[in-house]
Amino acid sequence: MQPDISVVVPVHNEEGAAGPLAREIAEAFKGRNFEVVFVNDASRDGTLAELEALKAEIPELRVLNHAKNAGQSRAVRSGVMAARAPIIVTLDGDGQNPPADAPKLADALIAAGPEVALVGGVRANRQDSGSKRWASRWANGFRKWLLKDDADDTGCGLKAFRRDVFLRLPYFDHIHRYLPALTIREGYQNRFMNVDHRHRETGQSKYTNLGRAWAAVSDLVGVMWLRSRARNPGDVNEV
(Lines give C-alpha, C1' and ligand atoms only; values in the text may rest on other atoms or scores of the structure.)
Protein backbone atom coordinates (compact mmCIF):
# COMPACT_ATOMS: atom_id res chain seq x y z
CA MET A 1 0.00 0.00 0.00
CA GLN A 2 1.28 3.45 -0.91
CA PRO A 3 2.41 5.31 2.22
CA ASP A 4 1.02 8.71 3.17
CA ILE A 5 4.36 10.03 4.43
CA SER A 6 7.94 9.26 3.41
CA VAL A 7 10.65 10.17 5.92
CA VAL A 8 13.94 10.76 4.09
CA VAL A 9 17.23 10.76 6.02
CA PRO A 10 20.65 11.37 4.39
CA VAL A 11 23.58 9.79 6.26
CA HIS A 12 27.33 9.82 5.83
CA ASN A 13 29.61 8.17 8.40
CA GLU A 14 26.92 8.11 11.10
CA GLU A 15 27.65 4.71 12.63
CA GLY A 16 26.15 4.63 16.09
CA ALA A 17 23.62 7.35 15.28
CA ALA A 18 21.81 5.90 12.26
CA GLY A 19 20.35 2.85 14.01
CA PRO A 20 18.92 4.65 17.06
CA LEU A 21 17.58 7.38 14.79
CA ALA A 22 15.76 4.84 12.61
CA ARG A 23 14.14 3.34 15.70
CA GLU A 24 13.10 6.78 16.97
CA ILE A 25 11.51 7.66 13.63
CA ALA A 26 9.59 4.38 13.54
CA GLU A 27 8.31 5.04 17.07
CA ALA A 28 7.35 8.65 16.26
CA PHE A 29 5.23 7.57 13.27
CA LYS A 30 3.87 4.39 14.85
CA GLY A 31 0.25 3.78 13.84
CA ARG A 32 0.57 5.83 10.64
CA ASN A 33 0.95 4.75 7.04
CA PHE A 34 4.59 5.70 6.45
CA GLU A 35 7.97 4.61 5.15
CA VAL A 36 11.51 5.58 6.18
CA VAL A 37 14.11 6.02 3.43
CA PHE A 38 17.71 6.25 4.63
CA VAL A 39 20.20 7.27 1.95
CA ASN A 40 23.74 6.18 2.75
CA ASP A 41 26.03 8.64 0.99
CA ALA A 42 29.01 6.30 0.50
CA SER A 43 29.87 6.06 4.20
CA ARG A 44 33.29 4.62 5.03
CA ASP A 45 32.25 3.24 8.42
CA GLY A 46 29.59 0.75 9.52
CA THR A 47 26.59 2.97 8.79
CA LEU A 48 25.28 0.85 5.90
CA ALA A 49 25.61 -2.44 7.79
CA GLU A 50 23.93 -0.89 10.84
CA LEU A 51 20.92 0.13 8.75
CA GLU A 52 20.69 -3.13 6.81
CA ALA A 53 20.58 -5.04 10.11
CA LEU A 54 17.46 -3.09 11.11
CA LYS A 55 15.33 -3.91 8.06
CA ALA A 56 13.90 -7.03 9.68
CA GLU A 57 13.08 -5.10 12.86
CA ILE A 58 11.57 -2.08 11.06
CA PRO A 59 9.51 -3.23 8.04
CA GLU A 60 8.92 0.39 6.96
CA LEU A 61 12.67 0.92 6.54
CA ARG A 62 14.23 1.23 3.08
CA VAL A 63 17.96 1.76 2.56
CA LEU A 64 19.49 3.36 -0.52
CA ASN A 65 23.24 3.42 -1.08
CA HIS A 66 25.31 5.89 -3.13
CA ALA A 67 28.31 4.29 -4.83
CA LYS A 68 30.14 7.63 -4.54
CA ASN A 69 29.87 10.44 -2.02
CA ALA A 70 27.63 13.14 -3.51
CA GLY A 71 26.69 15.34 -0.55
CA GLN A 72 23.62 15.96 1.57
CA SER A 73 21.47 17.63 -1.07
CA ARG A 74 22.00 14.82 -3.59
CA ALA A 75 21.26 12.22 -0.92
CA VAL A 76 18.00 14.01 -0.09
CA ARG A 77 17.11 14.12 -3.78
CA SER A 78 17.85 10.41 -4.21
CA GLY A 79 15.56 9.69 -1.28
CA VAL A 80 12.76 11.92 -2.55
CA MET A 81 12.96 10.39 -6.03
CA ALA A 82 12.67 6.90 -4.54
CA ALA A 83 9.95 7.88 -2.05
CA ARG A 84 6.42 6.62 -2.67
CA ALA A 85 4.42 9.15 -0.61
CA PRO A 86 3.20 12.62 -1.67
CA ILE A 87 4.41 14.14 1.63
CA ILE A 88 8.13 14.12 2.43
CA VAL A 89 9.67 14.72 5.85
CA THR A 90 13.45 15.14 6.06
CA LEU A 91 15.73 14.91 9.10
CA ASP A 92 19.49 15.22 9.45
CA GLY A 93 21.23 11.90 9.96
CA ASP A 94 23.24 12.99 13.00
CA GLY A 95 20.29 12.63 15.37
CA GLN A 96 20.18 16.30 16.40
CA ASN A 97 16.64 16.70 14.99
CA PRO A 98 14.29 14.91 17.44
CA PRO A 99 12.02 12.60 15.41
CA ALA A 100 9.20 13.27 17.89
CA ASP A 101 8.80 16.70 16.24
CA ALA A 102 8.51 15.29 12.72
CA PRO A 103 4.82 14.24 12.73
CA LYS A 104 3.61 17.72 13.69
CA LEU A 105 5.31 19.24 10.63
CA ALA A 106 3.78 16.58 8.39
CA ASP A 107 0.34 17.15 9.95
CA ALA A 108 0.64 20.91 9.50
CA LEU A 109 1.42 20.48 5.81
CA ILE A 110 -1.39 17.97 5.27
CA ALA A 111 -3.84 20.35 6.98
CA ALA A 112 -2.67 23.35 4.96
CA GLY A 113 -4.13 24.28 1.61
CA PRO A 114 -2.47 23.25 -1.65
CA GLU A 115 -0.86 26.69 -1.86
CA VAL A 116 1.48 25.71 1.02
CA ALA A 117 4.35 23.57 -0.25
CA LEU A 118 6.70 23.48 2.74
CA VAL A 119 6.63 23.56 6.53
CA GLY A 120 10.11 24.19 7.87
CA GLY A 121 11.47 23.59 11.34
CA VAL A 122 13.10 26.40 13.33
CA ARG A 123 15.56 25.22 15.99
CA ALA A 124 14.23 27.01 19.07
CA ASN A 125 16.80 25.59 21.49
CA ARG A 126 19.82 25.02 19.32
CA GLN A 127 22.51 22.81 20.86
CA ASP A 128 25.62 23.80 18.89
CA SER A 129 28.79 25.73 19.67
CA GLY A 130 28.57 29.50 20.11
CA SER A 131 30.59 30.12 16.94
CA LYS A 132 28.34 27.84 14.92
CA ARG A 133 25.19 29.52 16.23
CA TRP A 134 26.62 32.98 15.52
CA ALA A 135 27.64 32.04 11.98
CA SER A 136 24.20 30.54 11.35
CA ARG A 137 22.36 33.64 12.62
CA TRP A 138 24.48 35.88 10.41
CA ALA A 139 24.05 33.68 7.34
CA ASN A 140 20.31 33.26 7.86
CA GLY A 141 19.81 37.00 8.29
CA PHE A 142 21.84 37.85 5.21
CA ARG A 143 20.10 35.21 3.09
CA LYS A 144 16.63 36.27 4.31
CA TRP A 145 17.39 39.91 3.46
CA LEU A 146 18.55 39.06 -0.07
CA LEU A 147 16.04 36.36 -0.99
CA LYS A 148 12.96 37.56 0.97
CA ASP A 149 12.13 33.95 1.82
CA ASP A 150 10.73 34.66 5.33
CA ALA A 151 12.87 31.81 6.74
CA ASP A 152 14.78 32.29 9.99
CA ASP A 153 16.51 28.90 9.91
CA THR A 154 16.95 27.19 6.55
CA GLY A 155 19.78 25.09 8.01
CA CYS A 156 17.33 23.04 10.07
CA GLY A 157 17.17 19.59 8.50
CA LEU A 158 13.65 18.94 9.77
CA LYS A 159 11.25 19.92 7.00
CA ALA A 160 8.01 18.68 5.48
CA PHE A 161 7.26 19.37 1.83
CA ARG A 162 5.23 18.17 -1.13
CA ARG A 163 7.16 15.68 -3.25
CA ASP A 164 5.80 16.90 -6.59
CA VAL A 165 6.79 20.50 -5.85
CA PHE A 166 10.30 19.52 -4.75
CA LEU A 167 10.90 17.57 -7.95
CA ARG A 168 9.97 20.62 -10.04
CA LEU A 169 12.67 22.77 -8.42
CA PRO A 170 15.98 23.34 -10.22
CA TYR A 171 18.51 21.03 -8.59
CA PHE A 172 21.98 22.12 -7.43
CA ASP A 173 24.31 21.17 -4.59
CA HIS A 174 23.19 22.68 -1.24
CA ILE A 175 19.63 23.18 -2.54
CA HIS A 176 18.34 21.97 0.85
CA ARG A 177 19.27 25.38 2.34
CA TYR A 178 17.25 27.29 -0.27
CA LEU A 179 14.00 25.34 -0.44
CA PRO A 180 11.86 28.18 1.03
CA ALA A 181 13.09 30.68 -1.59
CA LEU A 182 12.66 28.21 -4.43
CA THR A 183 9.14 27.16 -3.41
CA ILE A 184 8.15 30.86 -3.35
CA ARG A 185 9.70 31.16 -6.81
CA GLU A 186 7.30 28.43 -7.98
CA GLY A 187 4.33 30.39 -6.62
CA TYR A 188 3.83 28.49 -3.35
CA GLN A 189 3.84 29.52 0.30
CA ASN A 190 5.87 28.33 3.29
CA ARG A 191 5.05 27.84 6.94
CA PHE A 192 7.46 27.51 9.88
CA MET A 193 7.23 25.84 13.28
CA ASN A 194 9.55 25.73 16.28
CA VAL A 195 11.22 22.36 16.84
CA ASP A 196 13.65 21.04 19.42
CA HIS A 197 17.36 20.40 18.89
CA ARG A 198 19.80 18.02 20.59
CA HIS A 199 23.52 17.70 21.17
CA ARG A 200 25.36 15.48 18.72
CA GLU A 201 26.13 12.26 20.58
CA THR A 202 28.30 10.47 18.00
CA GLY A 203 30.48 11.32 15.00
CA GLN A 204 31.40 14.83 13.96
CA SER A 205 29.97 17.67 11.88
CA LYS A 206 30.53 17.46 8.12
CA TYR A 207 30.73 21.26 7.78
CA THR A 208 32.93 24.10 8.97
CA ASN A 209 31.92 27.75 9.25
CA LEU A 210 34.45 28.76 6.58
CA GLY A 211 33.44 26.01 4.17
CA ARG A 212 29.76 26.78 4.60
CA ALA A 213 30.35 30.52 4.05
CA TRP A 214 32.36 29.92 0.87
CA ALA A 215 29.62 27.75 -0.63
CA ALA A 216 26.90 30.18 0.47
CA VAL A 217 28.33 33.05 -1.56
CA SER A 218 28.06 31.27 -4.90
CA ASP A 219 24.75 29.66 -3.93
CA LEU A 220 23.19 33.00 -3.04
CA VAL A 221 24.25 34.52 -6.35
CA GLY A 222 22.79 31.53 -8.20
CA VAL A 223 19.46 31.59 -6.35
CA MET A 224 19.15 35.35 -6.82
CA TRP A 225 19.65 34.80 -10.57
CA LEU A 226 17.01 32.05 -10.59
CA ARG A 227 14.54 34.35 -8.83
CA SER A 228 15.22 37.15 -11.30
CA ARG A 229 14.47 34.86 -14.25
CA ALA A 230 11.21 33.43 -12.87
CA ARG A 231 7.88 34.14 -14.61
CA ASN A 232 4.90 32.65 -12.85
CA PRO A 233 1.72 32.07 -14.93
CA GLY A 234 -0.58 31.65 -11.92
CA ASP A 235 -3.22 28.93 -12.19
CA VAL A 236 -2.97 26.76 -15.30
CA ASN A 237 -6.31 25.37 -16.53
CA GLU A 238 -7.14 23.23 -19.50
CA VAL A 239 -10.03 24.69 -21.55
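Predicted model: local features only at pLDDT ≥ 70, side-chain atom pairs only at ≥ 80, totals over all residues.

Trainee: Where is Ala-42, and what is its phi?

Mentor: Ala-42 sits in the loop that joins strand 2 to helix 2. Its phi is positive, about 55°, although Ala-42 is not a glycine.

Trainee: Asp-150 also has a positive phi without being a glycine. Is Asp-150 buried or exposed?

Mentor: Asp-150 is exposed, with a relative accessible area of 55%. The phi of Asp-150 is about 60°, and its place is in the loop between helix 5 (130-147) and strand 6.

Trainee: Let us step back to the whole chain. How many helices and strands are there?

Mentor: The chain has eight helices and seven strands. Of its 239 residues, 49% are buried.

Trainee: How much of the contact between residues links positions 24 or more apart?

Mentor: Taking the contacts with a separation of 6 or more, 79% are between residues 24 or more positions apart.

Trainee: Which residues of helix 4 are buried?

Mentor: Helix 4 spans residues 102-111, and Ala-102, Pro-103, Leu-105, Ala-106 and Leu-109 are its buried residues. Down the axis of helix 4 they fall within an arc of 160°, so they too line one face of their helix. Their cover includes strand 1 (5-11), helix 1, strand 4 (87-90), strand 5 (116-123), strand 6 (159-162) and strand 7 (189-195).

Trainee: Next, the nonpolar core. Which residues of the largest core touch the most other members?

Mentor: The largest nonpolar core has 31 residues, and those that touch the most other members are Ile-5, Val-7, Ile-25, Phe-38, Val-89 and Leu-158. At least two residues of this core come from each of strand 1, helix 1, strand 2 (34-40), strand 3 (61-65), strand 4, helix 4 and strand 5. Helix 1 gives the most, with five residues.

Trainee: Take Val-7 as an example. What does Val-7 touch?

Mentor: Leaving out residues up to four places away in sequence, Val-7 touches Ile-25, Phe-29, Glu-35, Val-36, Val-37, Val-89 and Leu-91. There is also a second, separate core of 22 residues, and Val-8, Val-76, Leu-147 and Val-223 are among them.

Trainee: How is empty space found?

Mentor: Rolling a probe the size of a water molecule over the atoms shows where empty space is left. In this structure there are three cavities of 30 Å³ or more. The largest cavity has a volume of about 90 Å³.

Trainee: What lines the largest cavity?

Mentor: Its lining has 13 residues, of which Gln-72, Val-76, Thr-90, Gly-157 and His-176 lie nearest the centre. Helix 3 (72-82) and strand 6 are the elements that give two or more residues to this lining. By class, the lining of the largest cavity has seven nonpolar, four polar and two charged residues.

Trainee: And what of the second largest cavity?

Mentor: The second largest cavity has a volume of about 40 Å³. Its lining consists of Gly-120, Gly-121, Asp-153, Cys-156, Leu-158, Lys-159, Pro-180 and Phe-192.

Trainee: Last, the second largest pocket. Which residues lie nearest its centre?

Mentor: Glu-186, Gly-187, Tyr-188, Asn-232 and Gly-234 lie nearest the centre, out of 13 lining residues. This pocket holds about 240 Å³ of space, and its lining divides into four nonpolar, three polar and six charged residues.

Notes: Residues numbered from 1 in each chain as written. Heavy atoms only, no water. Buried < 20%, exposed > 50% of the residue type's maximum accessible area, 1.4 Å probe, protein only. Helix = DSSP H or I, 4+ residues; strand = E, 2+ residues; numbered from the N terminus. Arc of directions from axis to C-beta. Contact = heavy atoms within 4.5 Å. Core = buried A, V, L, I, M, F, W, Y, C linked by side-chain atoms within 4.5 Å. 1 Å grid on protein atoms, 1.4 Å probe; cavity = no way out; pocket = protein on both sides within 12 Å on 5 of 7 lines; lining within 4 Å. Points joined across faces, edges and corners; volume = space filled by probe spheres on them. Nonpolar A, V, L, I, M, F, W, Y, C, P; charged D, E, K, R; others polar.
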